Amino acid sequence: MTTPSPLASRPLHPLTFLLRSLLPLAALLLLASTLLWGPYGFCLATLCWWRTVARIG
Amino acid sequence: MLRRREDAHCVVFHLLCVAAYAAAFWLWLHPDVAGLHGLPERAVFVATAVPLLGWISGVDVGVNFHNHTHRRLFDVDWQNRWAARLWAVFAAWPGLLWQHAHVAVHHAHLLQPRDWTLPRLSPDGRFEPRHRYQLLHWPWRSTRQLWRDARNGRLDRWRAGRETLWFLVLWSMPFCIDPVMALWLWLLPHWFANCVTMGAGMFVQHAGCELPAARLARHHSNDFPSPFFNLTMFNIGFHSRHHEQPGVHWADLPASRSGGEAAAATVTELRA
C-alpha cells in the first residue's frame, strides 16, 4: 500500500479561503462601509481594524 | 487550469484586491452616494484608503505574486504571462521585472554585493537605516539597477521592453478615467505598497544577517513563526526554508525543513 505524499495537493476548505483572504476581504468590506457610515465612519472602522490586526499578529 | 489546487487561494486573494480597488474608485467617482462632498471628507477617505489599499497591494505582489514567480500557477504559458501582467501592475511593477529582481538578483545573490534588492551596507557593516532604504529603493534605486541589468545583458532587453510597454498601458488606465483619482487611489497606494509594506518586509527578513557572525553561522534569513502571520501571508514567515528551497510550494513550507534543521535532526537521529 502506498502512503500519500504529505506534499500532495490538499483539499480546500472554505474556512481557510476566508482566513487566508482576510486582509483584502476586510479592505473591501471597510471600503464598502463608506456607503453606510460615510468617510468618517470608514476611518473609525479602519482604525479599529488595524488595532485588532496588530493585537492578533 | 491551476497546477496546484491550493493556488486557488492566490487567485481569490488577488481578485479581492482588484475588487477593493474597484470599490475605492467607484466611491470616488460617486461622491454623492459615498458622502465625499467636500475637501475634508475626500481627504479623510484618501488618508484611510491609501494604507488599506497599499497594505493589501504590498502583500498581493510581495508575497502572493511572489509565489507565482517561483512556481507558475497555471498550466499554460499565455495564462502565466497574462497573470504576471495583470498582477504586478497592482503595485506599479511590470511582472517580468519584479521576477528578475526577486529571483535572478535577490535569490541568486542573497546578501552578496550583487543583491541590490536589499539595503546597502553602512560603514559599520550593518544595513543602512530602515527608513532610508524604504524611501530610496522604489522606484529610484530599483529602476536604475534594472536599467543597468538590461544594459549588461543580465535582463533580456527585448522582453523587458515589451513587458514595460504592457505595464504602461495597464497602469495608465486609471489615469485615463480620472487623473486626480488615480493620483490618490492608485499611485499613492502603490508608493505605500513598495516603500512601507514590501520595503519593511525585505528589511526585517534579512536584518542582522549581513553581520559577519551571522554569516559564519550561515544565518541568512529571519523567520516569523506567528500562525496568524503565516496564515494570511502564504507561509512567508518560514523564510529560511524558502531561501534554501525556493522551489518548494508555499503550502508545503510548514512541512518542509531547512538545511540547518535537517542537519540538526540527522545528528539527533544518529545520536539516538
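Modeller: A helix here is a DSSP run of H or I with at least four residues, and helices are numbered from the N terminus. The model is predicted.

Biologist: How many helices and strands are there in chain B?

Modeller: Chain B has 13 helices and zero strands. Read from the N terminus on, its elements are α-α-α-α-α-α-α-α-α-α-α-α-α. The radius of gyration of chain B is 20 Å, close to the 19 Å given by the globule rule for 272 residues, so chain B is as compact as a globular protein of that length.

Biologist: What does the C-alpha trace of chain B span along its principal axes?

Modeller: The spans are about 70 × 45 × 40 Å. Of the 272 residues in chain B, 53% are buried, where buried means under 20% relative accessible area. The accessible surface of chain B is about 12900 Å², and carbon and sulfur atoms account for 65% of that surface.

Biologist: Among contacts in chain B between residues at least 6 apart in sequence, what percentage join residues at least 24 apart?

Modeller: The share is 63%.

Biologist: Now the cavities. How many of 30 Å³ or more are there?

Modeller: First the general idea: rolling a probe the size of a water molecule over the atoms shows where empty space is left. In this structure the count is two cavities of 30 Å³ or more. The largest cavity has a volume of about 110 Å³. It is lined by 15 residues, and those closest to its centre are H66(B), N67(B), V248(B), H249(B) and W250(B).

Biologist: Which element gives the most to the lining of the largest cavity?

Modeller: That is helix 3 of chain B, residues 39–70, with three residues. By class, the lining of the largest cavity has seven nonpolar, six polar and two charged residues.

Biologist: Which residues line the second largest cavity?

Modeller: This cavity has a volume of about 30 Å³. Its lining consists of L23(A), W49(A), W50(A), L52(B), W55(B) and I56(B).

Biologist: Which helix gives the most to the lining of the second largest cavity?

Modeller: Helix 3 of chain B gives the most, with three residues.

Biologist: How does the lining of the second largest cavity divide by class?

Modeller: The lining of the second largest cavity has six nonpolar residues, with no polar and no charged ones. In the largest cavity, polar and charged residues are part of the lining.

Key: Residues numbered from 1 in each chain as written. Chains lettered and ligands numbered in written order. Predicted model: local features only at pLDDT ≥ 70, side-chain atom pairs only at ≥ 80, totals over all residues. Heavy atoms only, no water. 1 Å grid on protein atoms, 1.4 Å probe; cavity = no way out; pocket = protein on both sides within 12 Å on 5 of 7 lines; lining within 4 Å. Points joined across faces, edges and corners; volume = space filled by probe spheres on them. Helix = DSSP H or I, 4+ residues; strand = E, 2+ residues; numbered from the N terminus. Nonpolar A, V, L, I, M, F, W, Y, C, P; charged D, E, K, R; others polar. Rg over C-alpha atoms; globule rule 2.2 N^0.38 Å. Buried < 20%, exposed > 50% of the residue type's maximum accessible area, 1.4 Å probe, protein only. Contact = heavy atoms within 4.5 Å. Areas by Shrake-Rupley, 256 points an atom, 1.4 Å probe, with all protein chains shown as cover.
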